[in-house]
Amino acid sequence: MFENLSIGLDIATALSVMAAAAAFIWNSALARRKSKLDRRKEIIKSHVYRTVEKIIRDSSDIFRETKKIEYRLRDGETTQNLNQWKDLILELTGSFRWLIPLDQVYGDGRFELIYKEYSEELDEFIRRFAKLVSPESNESWDFYDTMDTPNRITLKYITRLYQETENYLQ
């Protein structure tokens, strides 16, 4: 009788050791998976933050160039070369391109979509602006409102970038 009890205890002990080992392996696998997801989130966040910082620096350059144009207008220079200002605006979208590799790695496509829409909206602004300032145009326009349009467009897409990133990470 004690022999059967001893065998039963040995079996129970072996089963509990196997269950503990299985639980350990399972928890280790879950921890590795969570660690991998956390790392992915950190990579995405760091890319997004660097991109936004670059866009803000570029926007500051546009603001400074706008101020130069404003000062020249105040000094009576009615004819301006706006190519430098326009080029700075077109360079804004370059920073968003840094996020496209994230789409290629994580396969989502949302950053490339934002980049394309942002690019198209700035291109459309440049086309409208070129018509406004052309010698043939008789249309009146507000200097500050028009010259600030690229900044408003940029802010809209930065906000969208943050929101899309947050949605992706959840």
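Mentor: Let's take the overall fold, then the core, then the charged pairs and the surface.

Trainee: What kind of model is it, and how are residues numbered?

Mentor: It is a predicted model: local features need pLDDT of at least 70, side-chain atom pairs count only at pLDDT 80 or more, and totals for chains, interfaces and linings use all residues. Residues are numbered from 1 along each chain as its sequence is written, and side-chain values use heavy atoms, with hydrogens and water left out.

Trainee: How many helices and strands does the protein chain have?

Mentor: The protein chain has 5 helices and 0 strands. Along the sequence the pattern is α-α-α-α-α. Helices (H or I, at least four residues) and strands (E, at least two) are DSSP runs, numbered from the N terminus.

Trainee: What radius of gyration does the protein chain have?

Mentor: The protein chain has 29 Å, whereas a compact globule of 170 residues would have a value near 15 Å. The radius is taken over C-alpha atoms, and the globule rule is 2.2 Å times the number of residues to the power 0.38. Along the principal axes, the C-alpha atoms fill a box of roughly 110 × 25 × 20 Å.

Trainee: What share of the residues counts as buried?

Mentor: Of the 170 residues, 31% are buried. Buried means under 20% relative accessible area, exposed over 50%, and partly exposed in between (1.4 Å probe, protein chains only). The chain exposes about 11,700 Å², with carbon and sulfur atoms supplying 56% of it. Those areas come from the Shrake-Rupley method with a 1.4 Å probe; for residues, only the protein chains shown count as cover.

Trainee: And contacts: what percentage join residues at least 24 apart?

Mentor: The figure is 74%, among contacts between residues at least 6 apart in sequence. Contact means heavy atoms within 4.5 Å.

Trainee: On to the core. Which residues have the most contacts inside the largest one?

Mentor: Trp85, Phe96, Tyr118 and Leu161, in a nonpolar core of 31 residues. The elements giving two or more residues to this core are α1, α2, α3 (100-106), α4 and α5. Such a core is a set of buried Ala, Val, Leu, Ile, Met, Phe, Trp, Tyr and Cys residues joined through side-chain atoms within 4.5 Å.

Trainee: What does leucine 161 touch?

Mentor: Beyond residues up to four places away in sequence, leucine 161 touches Val48, Val52, Phe96, Leu99, Phe111 and Ile114.

Trainee: Where is serine 95, and is serine 95 buried or exposed?

Mentor: Serine 95 is in helix α2 (residues 83-96). Serine 95 counts as buried because its relative accessibility is 3%. With residues up to four places away set aside, serine 95 touches Thr51, Lys54, Ile55 and Asp58.

Trainee: What about threonine 66?

Mentor: Threonine 66 sits in helix α1. Threonine 66 is buried too, at 11% relative accessible area. Leaving aside neighbours within four places, threonine 66 contacts Trp85, Phe143 and Met147.

Trainee: And which residues does tyrosine 106 contact?

Mentor: Tyrosine 106, in helix α3, contacts Arg40, Ile43, Ile44 and Tyr168, leaving aside neighbours within four places in sequence.

Trainee: Switching to charges. How many salt bridges are there?

Mentor: The structure holds 13. A salt bridge is a side-chain nitrogen of Lys or Arg within 4 Å of a carboxyl oxygen of Asp or Glu.

Trainee: Which parts does the bridge between arginine 110 and glutamate 164 tie together?

Mentor: Their side chains meet at 3.1 Å, N to O. Arginine 110 lies in helix α4 (residues 110-133) and glutamate 164 in helix α5 (residues 143-169), so the pair ties together parts 54 residues apart in sequence. Arginine 110 is buried, at 18% relative accessible area.

Trainee: What does glutamate 121 pair with?

Mentor: Glutamate 121 pairs with lysine 156, the closest N and O atoms being 2.8 Å apart. Glutamate 121 is in helix α4 and lysine 156 in helix α5, so this pair ties together parts 35 residues apart in sequence.

Trainee: And glutamate 70: which lysine does it bridge to?

Mentor: Lysine 67, with the closest N and O atoms 3.0 Å apart. Both lie in helix α1, 3 residues apart, about one turn of the helix. Glutamate 70 counts as buried at 5% relative accessibility, while lysine 67 is partly exposed at 27%. Lys67, Glu70 and Arg74 are linked in a network of salt bridges.

Trainee: Last one: which residues form the nonpolar patch on the surface?

Mentor: Ile11, Leu15 and Met18, with about 320 Å² of accessible area together. Leucine 15 is in helix α1 (residues 2-74). Patches are made of residues with over 30% relative accessible area and no salt bridge: like charges are joined within 9 Å, nonpolar side chains (Val, Leu, Ile, Met, Phe, Trp, Tyr) within 5 Å.
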